[in-house]
Every structure is written in structure tokens, then in C-alpha cells.
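Here are my notes for a colleague opening this model for the first time. Please read them with the structure in view.

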Amino acid sequence: MKQIDINEYLPKIMGELKKGILVNTKNGDKTNSMTIGWGQVGIEWGKMFFSIYVRHGRFTHEQIEATKEFTVSVPLERTPEVAKAIGYIGSRNGREIDKLTDMNLTLSDGKEVKSPAIKELPLTIECKVIYSQEQNIDNIPQEIKDSCYPQDVPSDNPMANRDYHTVYYGEIVNAYILEESDFAGVGVNSGTTVNAESGNKSPKALWITLLSILLLLACGSYIYNKFNKTQTYSTVVREEMSTVYSNTGLMNDSRVEKFVNTNPKILESVAITGIKESYSRVNGKQTIDAAITLQNKTDKPLNDIEVVINVLDKRGRVIDDIDSEDRTIEPNSDYTFNIQITDEKAASWELAEIKKEKEE
Ligand SMILES: Cc1cc2nc3c(=O)[nH]c(=O)nc-3n(C[C@H](O)[C@H](O)[C@H](O)COP(=O)(O)O)c2cc1C
């Protein structure tokens, strides 16, 4: 573990915050994380704070109210796995599921707080809440109320943005970057350190095992690349600042960029130029109408583009997925994928993946 001066990492932290980072809590045995896109690092009362904005309906709100502490985890590298975990954790309520285990994340104990640190998002900031403040609704401009606090999705839906925020001022009590050596002998997602002394393997045997694993991985990757012709990029459209859930108009590119937490590679050729959504009751049945518009930004046809939508229940569990047909999108043209979800158990949806045929 490398102790850090947080001031040296501010550009990195702020850059990643815009795309989504994690806030972790632990109350008794219950560990949970949520994704945040808003926050501030600053100084007040001569102390250094990481302040976070948590809506009242979030399970994290309950956890912090009980423990008055949290950790913040920032990725140093946004791999597809990390982007997927951040999207999953930011779109499900953790009350009855274990999001960290679901995403196979590897935990280690916090040092000054009980909330955990996460190996895959190694830059860790440990915080103790010494002050919190409710937003004064009367002072929020109407335009922001309309865009950031739409009232049309029930607040028990993890995607809901109707609740106002509590600002938790977390005094920064420790900041470090986890290193590989911190996890020697630790099982995946064990949450506690496993004693590394258990086996009797000699250093030579360990090297041989390590080299064998590397060789296997290299072969696996070669075979995968040779035979798998589809490139998949996980994409998450849910973001705190988004009006995605209530917005029924086209969004301009810069807002989409802000809303979309994605592997940037897909956005090199495809722009998400529109997301429409409405919730209604048709003949007494709840109906979600959604549409996603993709635009080909290149000067060549994009072949076999497929969009995958996850349908979520009110706990944020995926209960169905809907694939679009494979489409070719001509240069400078667009394609709109329309979906109507009438499943009574459906509470929301998310853009799960955009797939495209790999170039030869
Ligand atoms: C990129 C991104 C940023 C988010 N930022 C925030 C935020 O700053 N505050 C907030 O209350 N919710 C935010 N959310 C939504 C929560 O992460 C989401 O509702 C999550 O399911 C809450 O989990 P919990 O109920 O287990 O605490 C964000 C979601 C995403 C995907």
C-alpha cells in the first residue's frame, strides 16, 4: 500500500468522478457500494474533506446514517470490467443483494474506518463524517429541480432521481493506493485477509505456477481473439446528473457524453445522440417506452451493430434482456432502437451493451 498526498491526485480523482467512482460502506456485516458522480474535495474548519451527495432513497444513505463513515474508491485504469462494475453498482439497490460479490471485486479492510477498500479501484480515501447537511429545496433553481429531481419515478427505484440529497462531509483520515502485495494470499472478494502462510510451496514452485498461468492466459487470449469476431462494449447510461429517466427529448452530444459512462472505444465510431423514455399506464398496465438513437460518426458503414437492453425490477435485478436486430448504420446516418416494456415486474431499464462486428 502506498500512502498518498491527495493533492497530487486531484486531477485524477476529479476526472474519474465525472465518469463515476465508488463510495463504500460497512454497517455490522453488511458491506455495500454505490456509484457517485458528484462530490467535492475541499477544506473547511482547517480540515480536509471529501463531500458526497447521497439521495435520501439510497441504501447508502441508511448505511452512512448508521456508521458515519465511508471510503471512496477511484480506479486508476477504467478497464471494461471496472466500467461494468461501476455501472452495475450504480444501478442497483444494495439492501438485499451483495453488489460487490456479484461483480467479483476484491476487498480489503479499511485502516482507520470499517468501510472496505477495493483492489480493482485501488486509489482509496477513508472518510469520517463529521457534518452533514440537507439541501435547502427552496434555494434550488427551478431549472435544476426540473432536470435533477424529476418526480416521475418512485424513489424505491435505484434509478430514481426524485429525492433530494444529503451532503456528507467526510473528513479525510487516510489516503492510499492499494498494491498487489497487499493481496498476497487473499481470496477473491474474501473481504478479510487469508493467511498467506498456508501452503508449503517453495519460491521455485510458485514461479513455475505463475509462469504456467501466464502461458495459459496468453494461449486463451490468442484463441479468443482468433475465433471471437464480436466486440462488446459495456455501456451504462445511468448517471446522477442525467435526466435520462424523465427526459423525453433528444439530448445533444455533449450532454450524452456527460451522461454516458462507457468504454470510450465504442464512442470513437458510434455516438449516442438520443435517449427518450416515458413511463405510463396503458389499459391499466405499466408501460415503459424507451428509444436509443445511435449515429455512425465514421465515413464507412458500421456493420452488425446490436444494442442490448436490460430490463430491471424494482430492486435493480436484471429480469430480462432485449436485443435489437443486427443493423448496418451507414456513414452519417443513425438508427433508433425502440423498445416497449410491459412486464409488470419491470421498474426500469438500462443500456447494457453495444456490440459491433470486429474489423478484419
Ligand atoms: C455514474 C453514476 C453516478 C451516480 N452518482 C450518484 C450520486 O452522486 N449521488 C447519488 O445519490 N446517486 C448517484 N448515482 C446513483 C446510485 O449509484 C444508485 O442509485 C445506486 O443504485 C445506489 O445504491 P444503494 O441504494 O445500494 O446505495 C449514480 C449512478 C451512476 C451510474
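**Notes on the predicted model**

1. Strand 15 (residues 302-312) pairs with strand 17 (residues 327-329) in the antiparallel sense, over two bridges. Strands are DSSP runs of E with at least two residues, helices are runs of H or I with at least four, and both are numbered from the N terminus. Pairing takes at least two DSSP bridges between the strands. Ile305 has Arg327 of strand 17 as its bridge partner.

2. Strand 15 also runs antiparallel to strand 16 (residues 318-323), joined by five bridges. Here Asn310 is bridged to Asp321 of strand 16.

3. A word on the source. This is a predicted model: local features need pLDDT of at least 70, side-chain atom pairs count only at pLDDT 80 or more, and totals for chains, interfaces and linings use all residues. Residues are numbered from 1 along each chain as its sequence is written.

4. Now the whole chain. It has eight helices and 19 strands. Of its 360 residues, 33% are buried. Buried means 20 or more other C-beta atoms within 10 Å of the residue's own; exposed means 12 or fewer, and partly exposed lies in between, with C-beta atoms placed from the backbone.

5. Look next at strand 4 (residues 39-44) and strand 5 (residues 47-55). They pair antiparallel over six bridges. Gly39 stands opposite Ile52 in strand 5. Their hairpin has two residues between the strands, and Trp45 takes a positive phi near 50 degrees there.

6. Helix 3 (residues 80-89) is mostly covered, with seven of its 10 residues buried. Among them are Val82, Ile86 and Tyr88.

7. Finally, Ser147, in helix 5 (residues 142-148). Why is Ser147 partly exposed? Because 16 other C-beta atoms lie within 10 Å. The C-alpha atoms of Ser147 and Arg162 are separated by 9.9 Å, with the two residues 15 apart along the chain.
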